[in-house]
Each structure stands twice: as C-alpha cells, then as structure tokens.
Amino acid sequence: MPKFVYSFTEGNKDLKDLLGGKGANLAEMTNLGLPVPPGFTLTTEACKVYLETGSEPAGLRDEVSAHLDALEQTMGKRLGQADDPLLVSVRSGAKFSMPGMMDTVLNIGLSDASVAGLAAQSGNERFAWDSYRRLVQMFGKTVLGVPGDRFEDALEDAKHAKGSADDLDLDAEDLRQLVDRFQGIVREQTGRDFPQDPREQLDLAVRAVFESWNSDRARLYRRQERIPNDLATAVNICTMVFGNLGSDSGTGVAFTRDPSTGAQGVYGDYLQNAQGEDVVAGIRNTVPLAELETLDKASYDQLMTIMETLENHYRDLCDIEFTIERGKLWMLQTRVGKRTAAAAFRIAVQLLDQGLIDQDEALHRVNGAQLAQLMFPRFAETATAKDGKAERIAWGIAASPGAAVGKAVFDSYTAVKWSRSGEKVILVRRETNPDDLDGMIAAEGILTSRGGKTSHAAVVARGMGKTCVCGAEELEVDTKKRRFATADGRIVEEGDLISIDGSTGRVYLGEVPVVPSPVVEYFEGTLHAGADVQGGLVQAVHRIMAHADVRRRLRVRANADNADDASRARRYGAQGIGLCRTEHMFLGEGRRKEVERLILADTDEERETALRTLLPLQRADFVELFQAMDGLPVTVRLLDPPLHEFLPDITELSVRVALAEARKDHNENDLRLLQAVHRLHEQNPMLGLRGVRLGLVVPGLFSMQVRAIAEAAAERRRAGGDPRPEIMIPLVGTVQELEIVREDALRVLAEVAAATGVQSDIKLGTMIELPRAAITAGQIAEAAEFFSFGTNDLTQTVWGFSRDDVEASFFTAYLEKGIFGVSPFETIDRDGVGSLVQQAVAAGRATRPDLKLGVCGEHGGDPESVHFFHQVGLDYVSCSPFRIPVARLEAGRAAVETAGSDSR
C-alpha cells in the first residue's frame, strides 16, 4: 500500500515531486529546528488518484485519521473541540510555485459550538467571531462555490452600518451577526447548512484543493509558465496560528533580497492584527518589514536570523511567509523566490562571490528567456501600468520582443524614405512579404493585422532583433487610404505616432517612453564589460556568459544573409554562419528583373545571359560575407523558395493585362510574364517546385551559385583572407537528388580551381527538412559531408501543418485544450520531430563518423530546444544574430545541467 500522508517531521526539500514545494519546504524548516506549526502533507500521488478516479485513494482516510490523531496528541486538544478547539489550515502546494492559482481554507474546525471555546481560550471574543467569519466566507467560496462577491457585499454593508471603512472597527457582536448572515448566504446559495462537523469540513476542503489543480486560472498559469499538467498538487494540513489576536500579533511576507533588483537588505511587508490573506488581498495597507523592528524587536531579530539561515541553507533568494501570535514568531512557508531577469543575474553573481554556489550553479540559476528580456528595449512601466498615461488601442500576438515608437507608415517605400529623413517609423501592413524587407529594415518595428508567431513578419523581425506585433485583428488596415481603424472606430492616419510592445502584443496611441538596454550595448561592444551600470547588471551578465562559453560543447552560429548581419552576429559571439539564405540576395527591383528573365527564358542563350548577369552580383555578395566571417565557416544554402515568389502577384498582373488589352495597348512582356505565372502557379508551393527540385529543373541555376561561391572564396584567399564556405543543398528527399547536384558542384569547383589556381576545401552537405530525408539519413550521408536540420519545414511536414495557416486558425484552441503545451514551431517537438532528428543523427554518423551536424531552424535559438540538441549530439546550433547570446547561454547551461535551484 503506497504512503499518501507525511508528517512535517518526515519530509525534506528534495521531495517536491511528492510533497509539493510548500510541503517539502515546511518539512525542511522543521528539520532545521525553525518554529513551524505542526502538521502533515497529503501527497501529489493522492491528488492524481483523486483526479483520475473522482474519489480518494483507498487508505487515504485512515492515514489522515492517524496523522490527525498524532497532531491532536501533540497539541493536547482535538479538532473542533468545543471548549478548546484545535484549528487547522488546508493549503495547496504544487512542485512549482503557482501563487494564488489554487485554493486555501483557514480556521477549519470552527463551528457554532467551538467558537465560544476559542473565545474563552483566547480571551478575545472579537477574534473568535472574526476567525469564524473568515472560515464561513473562505469555505463558502472555495469549497461550496458561493460567489465571493455575496460575502464581500455583506461585509461592506456591515462596515457601512458601523460608519467605518475598516473591518477592525467591527466588534464581536457585529461579527457574530455577520456570521449569521454569511451562513444564510451559504444556505440560500447551496441549499444546505454550513457544515458543523469539523472532520467533514476537513475532508471537503481537501477535495476542493485537489480539484483546484484543474481550475481555469491554474491551467492558464501552467500554460503560461510551461508547467506540466500531470504533476498535481499536494495538500498541507497545518495547525493554525493567529496573527489577528491583537496589536502584539500580525502577519507578513519577507524576501532575503530585493526580488526586483537583487540588492541585499530587508524587504517585505508586515500587517498588525491580521491573517495572511489580508496581506495578499491588500484590503489594508501594510507597513515596510523594517518597521517590525520598532513594533516587536524580539520577533524582528529572530526573523532576521531565520532569514539568514534559510538563504545560506537554500543558497538562494528566499520568499518567506510568517505569522506572529502574541509575540511568538511562526514560519508558515518558504520557497526559492521569484525574481526579475535583472535580479536573477545579479543574485547569481552575488551568491558566487559569497562562496555559497560555484560557477556552474551560477550559470544554472539564470536562463535564456531572462537574458532575452534584458536585451530588448522596454517601455517604462510607469507609462503602461493601469494608472499610466499610455492609451492602448489594440492587442495582438507578441511576435518579437521589444519596444518601438514611430510614425505609422503603410508601405516599404515610405518607410525607407521617411527613415532616411531621420523619422522613426512603424511599418503597418495586413501582412508582410519579401518585398517589404527594405521597409522592415528601415522601420523601428512592424505591426500586422494578420499572421502568427511564425508569419513572415515575425520570423524576419526576430532575425533582425526588430520589435514586432502580429495578428492585431482588432485593427482594420487600409493600405490604399494609408490608415487603420481601431475596434472603437478611431482612425490612425499615416504619420500619426504609435507605440508597439513586442513583449506583450499591446499597441498604444502616441509615444510611450522607452528604456534602453545596456546589455545590448555590451554585446555590441559599445559598453565595456566592467561598466558599473544598473547595479552591476552588465558585469553580472558578462561573468555568466564567459563561463557559459567555457563550459558549452555546442558551437553557436548565425542565420545571416549579408555582411551587416554577419558582422553583428560576430560581435554577439557567433562562431560562423549556419544558414545563408541566398534567395534573400535576389530581392530588390534590379535583381528581381534578372530572375524574371531567367524564368522567362525560352532558349539556352537567354538563360545563359540571365545567369551571367546574376553571377557577379552573387559573387560580390559572397565576397562581403566571407570577409565579415573571415576564418569562420559559412554555410550557404542554394536557392530554395518557389520561383513564383519572384514573379508578380497573379491577380494584379491579370488586371494589368486585361486593362491594357481593353485600351488596345498590348504589352508583350506582361503577356509572357502572365503565362509564366500561370505555368508556375502551385496549389501548395511549399511542397512544390523549390529546393533541390529547382536545381534539377532549371539548368545552370545551382551551378551559377556554386561558381559564385568558389570564385568569391578564391578572391578572398588571394587577398590574404581565410574563407571557409560550405555549400548546402536544400529539401533533399532522396540520395539520388543529392548525388546529381553534388557531381555537378564538384565539376564547377574543379573548374574554378583550375582557372584561379586556388584550391578551396569547400564541403558539400544538405538540409534534413523532410521526414524521408531523416528516415534515409544513412543513405544520404554517403553523399553529404554535413547535415543541417531545417526544423521549421521538418515540423511542418511531420505534423502536416502549413504554419502560416494553422497558427491563425486552430493553434489557440489546441493550446487551450492542452494538445500543445507550447507551439511546436517555437520549441522542438521531442516525441515527433525530435525523434526523427535523433534517428537521423545516429544513422548519419553510422555511415560517416565524422559527419558534421547542426540545426538552422528557428529552434536553434529556443532555450529548451538548445538543450535537446545538446543531448542528441549536434555540433552546433544556428539562429538569428539577436538570439546568439541566448543560444550561447543555454548551450552552457545544457552542459552543466544539475538538479539545482528552481525559481519558477
């Protein structure tokens, strides 16, 4: 028979899975000899059985009875005893802290019979009726489902009748009458009397806490914090101690350091003559914890000693709840405290310097999500708070973090033009496409009314470290009239100032003050690592990043398509380029025309002419790129997107041709172009003519690109450089495709070597982005010197998702229903996509032991995914330049992963 109940004397802090965080820490404080009221914990396993079956596990009632008997023996009184009642609290407590998300009931054991006994024993009749009032109110709302505002309204009526705004002014008789009214509300709302049997109260409260694990707010919180749904909650039954016995009693919350900044000192709040929920609810103003020294110096001194003991024991910032009952201090809870991102880095370094933790543990104490928060500019919280001046006009998807302010513009041309004139602009579109790239680069931020986190706008913005809000569906964007309308009918014209918050998805009218990030200045090299700004924040980040770089095995590369991005990536610590998307080099009006000529070519001569025109342009691009990344590997992906993306929109072109015909003004080129667009039009272009298929169908295209790469490498080598290009063939599904392209590429490389007299060691590899490629990786490795996993498309093809469609249609429902804990486009799907990656790694290395393995999908910069790639043995991850520090940090954390402290 499993054990479902543990006394506080039996557990310890390492049993959080079984006892929950609260129960494990109460046991740990008991073991340390700290003043903890006696009690016991019902395990998470008991909760799981209850939630799965709808009833308590066999034997649980008997175990609770045995522990309750022991508690009554210890305290010398029985639960609900009429002349001297033992009262207990029933509190939730999951493995990870979920403050306020689940239920608590205090004063269990009070009844019509025992309230007089509590009054007699305490010598305080008001206190007894106040405690009973609290029980009926809390039990009624939490356990019996009575609307809480019914009790609040009755309490307000009682205070109003007394002519006071403070519940402390209600005397014993007022509170007795309030109890009667509360019990009447329970009877009216539930059809039953308030339970008078103390054991029935206890059993019902326990079940309510179990059930609160699946409350809407608890589910929402877990989804937000990525806490698994199957952990369940423990239930802690603890002897009541009272802070509402008079002015020599009270309750408070304390932190061993400032959770906002990490500064050491006395932080917290205290409330005289109150119970714990009064502090949290904010129904009365608290005083700073430091004032407790003047109110009760003995308790204050003891609390300071205990706080030091706990911080040294847990080796971390501790969050403490305590109660003082008639001058006696009791510890009700401790946990590793939540903190801001800045505090996390500062505290880790402080504890390291104090000798409480080592460098590996300091690295483990922070994470990539916190570092990302520190890197983005932020709006001043004083402006965006509820009482701030910022006026929110829409709410979309937080696609790329940061804060951006600028004038609304509605096309790329205007964005570039105004930007060059010194104006800051926000590019507003229904959605973006590759033609908007110039405008996106020029803009401070991007706002779209359509699309999700992996839409074009979102992906490009994250790659550039540009603030972006997508899918703000409340907005009606009219690009022709150059304005958008809000849900309440307000019109924002081009040139009007707006502010967008990519961390929350909020859109504001006007200019919201922005706070710059010194951490980005540090990574850019404009702020010295030893700069003493923001309380040593930059110094703390530098020290932890330096250790992460020492400890990590994974190398970190960048996804970069031009010299500027490559240079920024190098400043941010990139060790090469893992993905250069050559299709981005063909954007811009001049080059698009040449691609059009290539597509429209009817003869070999026309095609060769177009390729000859594109060759020097590509070569110049690669020379710049290899110079920026001199001495580091640069993986160049040959042209991948469907060719129709380089052609005009089929609808616009059809209208243009029709209008020209109506005017008898025939344009032969437009007619040919329309025929080509029709010929190349595909129902599902992402699974159509793209990648290696393009190279096999359009003669000379890949050969031109390989020649440009080889000639650029030779030019750089002759100039004394050290270029290290790698050529990657995309969307391979079978080894035969790769062998044909590889053979042609080797021919071109040999020709360039003979013509230039420069031998270049250029590796040839492929992207693994189709399920068949992953399954046949052993065969493909025979013709590939490296694999790079394209996890964006691999996720699409494994799941059968078109990501631009599914995120806008049903992803929200899937997240709400718990089908996804997180979008598989954000964090690698370990069971599906991850399993294929792992299989391909093993098969590829079995064929070619020296096979180099990397990942170049967006997952390469996702903290949780980086840990997976470390575990399966990849050599590097590649991500957008802005995410490189995050990937470096998480690669280091993956290498030193320990059980460590959990501050979630």
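This is a predicted model: local features need pLDDT of at least 70, side-chain atom pairs count only at pLDDT 80 or more; totals for chains, interfaces and linings use all residues.
1. The C-alpha trace spans about 105 × 65 × 55 Å along its principal axes. The protein contains 37 helices and 31 strands.

2. Burial and surface. Of the 904 residues in the protein, 56% are buried.

3. Contact range. Take the contacts between residues at least 6 apart in sequence. Of these, 69% link residues at least 24 apart.

4. Strand E16 (residues 445-448) and strand E17 (residues 467-470) run parallel and are joined by 3 bridges. Within this pair, Leu 447 sits opposite Val 469 in E17.

5. Val 425. Where does Val 425 lie? Val 425 belongs to strand E15 (residues 425-429). Its relative accessible area is 0%, so Val 425 counts as buried, the cut-off being under 20%. Neighbours within four places in sequence aside, Val 425 contacts Gly 406, Lys 407, Val 409, Ala 415, Trp 418, Ala 442, Ala 443, Glu 444 and Gly 445. For a distance check, take Val 425 and Gly 439: they are 14 residues apart in sequence, and their C-alpha atoms are 9.3 Å apart in space.

6. The three-stranded sheet. Here 3 strands make an open, antiparallel sheet in the order E18-E19-E20. Why is one side of E18 and of E20 left without a neighbour in the sheet? Strand E18 (476-478) and strand E20 (491-493) are at the edges and have a single partner strand each, so one side of each has no neighbour in the sheet. Neighbouring strands of this sheet are turned by 15° against each other on average, direction ignored. Strand E19 (residues 483-485) pairs with E20 over 3 bridges in the antiparallel sense. Across that pairing, Phe 484 faces Val 492 in E20.

7. Helix pair H25 and H26. Helix H25 (residues 650-662) packs against helix H26 (residues 668-680) at an angle of about 145°. Their axes are 10 Å apart. The crossing is left-handed. On the H25 side, the residues are Ile 650, Leu 653, Ser 654, Arg 656, Val 657 and Glu 661. They meet Asp 670, Leu 671, Leu 673, Leu 674, Val 677 and His 678 in H26. By class, this contact has 7 nonpolar, 2 polar and 3 charged residues.

8. Parallel strands toward the end of the numbering. Strand E29 (residues 786-789) pairs with strand E30 (residues 852-855) in the parallel sense, over 4 bridges. Phe 786 stands across from Lys 852 in E30. E30 is also joined to strand E31 (residues 876-879) by 2 bridges, and these two run parallel. Val 855 has Val 877 in E31 as its bridge partner.

Methods. Residues are numbered from 1 along each chain as its sequence is written. Side-chain values use heavy atoms; hydrogens and water are left out. Two strands pair if DSSP finds at least two bridges between them. Axes are lines fitted to C-alpha atoms, for helices over the stretch in contact, and angles run from 0 to 180 degrees between N-to-C directions. A crossing is left-handed if the near helix is turned anticlockwise from the far one by less than a right angle, and right-handed if clockwise. Contact means heavy atoms within 4.5 Å. Ala, Val, Leu, Ile, Met, Phe, Trp, Tyr, Cys and Pro count as nonpolar, Asp, Glu, Lys and Arg as charged, and the others, Gly among them, as polar. Buried means under 20% relative accessible area, exposed over 50%, partly exposed in between (1.4 Å probe, protein chains only).
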